[in-house]
Amino acid sequence: NRNDALSSFSSRGPGVGTASHPLQKPDISAPGEQVRSAYPTNDSAYATLSGTSMACPAVAGLTALILSANPSLTVDQVREIIIKTAVTSLPAPNGGQSTCSGVSYTQVPNYHYGYGRIDAQAAVQAALKYC
């Protein structure tokens with residue numbers, strides 16, 4: 001939300017996996033609560049919405065910015081940049097749950113924020129310096 005706290009309606013991990021290959025989910029967090037966005041009712045409509053449908057475009061947009069800054073990056077390098085530049089000092093999640101499967105939201109990665117909240121400016125700067 002606007003205070004960087006995970007929304008009470010957000011899903012938490014862990015993901016489905018196996019004992020030898022558990023899935024860390026989520027991988028990353030992005031703004032997804034009360035986001036103003038274009039809306040499909042007409043060519044000039046906007047709406048304020050919440051949910052994954054608002055957070056996913058933020059991550060997709062960040063990926064596009066990173067690749068615009070450095071088109072030679074691979075998928076794995078883009079993922080590494082997003083993870084390494086994520087904001088990790090985040091407040092307790094809304095909804096009263098500060099641990100998930102025994103992992104606190106303060107550990108990184110965790111089952112609330114993943115590796116943290118995306119930071120577009122830091123990620124683009126890192127992409128420009130990536131060798």
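How many of the 131 residues of the chain count as buried? In this predicted model, 28% of them do, where buried denotes a relative accessible area under 20%, exposed one over 50%, and partly exposed a value in between, with a 1.4 Å probe and protein chains only. Residues are numbered from 1 along each chain as its sequence is written, and side-chain values rest on heavy atoms, with hydrogens and water left out. As the model is a predicted one, local features need pLDDT of at least 70 and side-chain atom pairs count only at pLDDT 80 or more, whereas totals for chains, interfaces and linings use all residues.

The predictor's confidence in each residue is expressed as pLDDT, on a scale from 0 to 100. The chain has a mean pLDDT of 90, and 95% of its residues reach 70 or more. Confidence is highest in helix 3, at 98, and lowest in strand 3 (residues 99-100), at a mean of 88. Where pLDDT is low, the predicted coordinates should not be read in detail.

Three helices and four strands were assigned in the chain; helices (H or I, at least four residues) and strands (E, at least two) are DSSP runs numbered from the N terminus. The order of these elements from the N terminus is β-β-α-α-β-β-α. Along the principal axes, the C-alpha atoms occupy a box of roughly 45 × 40 × 25 Å. Among contacts (heavy atoms within 4.5 Å) with a separation of 6 or more, 59% are between residues 24 or more positions apart.

The accessible surface, calculated by the Shrake-Rupley method with a 1.4 Å probe and, for residues, with only the protein chains shown as cover, comes to about 7,900 Å². Carbon and sulfur atoms contribute 53% of this surface. The chain carries 8 positive and 7 negative side chains, with Lys and Arg counted as positive, Asp and Glu as negative, and His and the chain ends not counted. The centres of the two sets lie 4 Å apart, each charge being placed at NZ of Lys, CZ of Arg, CG of Asp or CD of Glu.

The interior was examined in terms of nonpolar cores, defined as sets of buried Ala, Val, Leu, Ile, Met, Phe, Trp, Tyr and Cys residues joined through side-chain atoms within 4.5 Å. The largest such core comprises nine residues, namely Leu 62, Ile 66, Leu 73, Val 78, Ile 81, Ile 82, Ile 118, Ala 123 and Ala 127. At least two residues of this core come from each of helix 1 (52-69), helix 2 (75-84) and helix 3 (120-129). The greatest contribution, three residues, is that of helix 2. A second, separate core has five residues, among them Ala 5, Leu 90, Tyr 105 and Tyr 113.

Within helix 2, the residues Val 78, Ile 81, Ile 82 and Ile 83 are buried, and the buried residues of this helix pack against helix 1 and helix 3. Leu 62, found in helix 1, counts as buried because its relative accessibility is 2%. With neighbours within four places in sequence left aside, the contacts of Leu 62 are Ile 82, Ile 118, Ala 120 and Ala 123. By contrast, the C-alpha atoms of Leu 62 and Gly 102, which are 40 residues apart in sequence, lie 31 Å apart in space.

Other positions were also considered. Gln 125 is found in helix 3 and is classed as partly exposed because its relative accessible area is 40%. Gln 125 is 56 residues from Ala 69 in sequence, with a C-alpha to C-alpha distance of 8.3 Å. Ser 101 is placed in the loop between strand 3 and strand 4 and is exposed, with a relative accessible area of 56%. Ser 101 touches Pro 14 and Tyr 111, residues up to four places away in sequence not being counted; its C-alpha atom is separated by 7.9 Å from that of Tyr 111, ten residues apart along the chain.

Backbone geometry was likewise inspected. A cis peptide bond, with omega of about -5°, joins Val 108 and Pro 109; Pro 109 lies in the loop between strand 4 (103-104) and helix 3. Asp 4, although not a glycine, has a positive phi of about 75°. This residue, Asp 4, is located in the segment before strand 1 (35-38) and is partly exposed, at a relative accessible area of 25%. Gln 34, also in the segment before strand 1, has a positive phi of about 55° although it is not a glycine.
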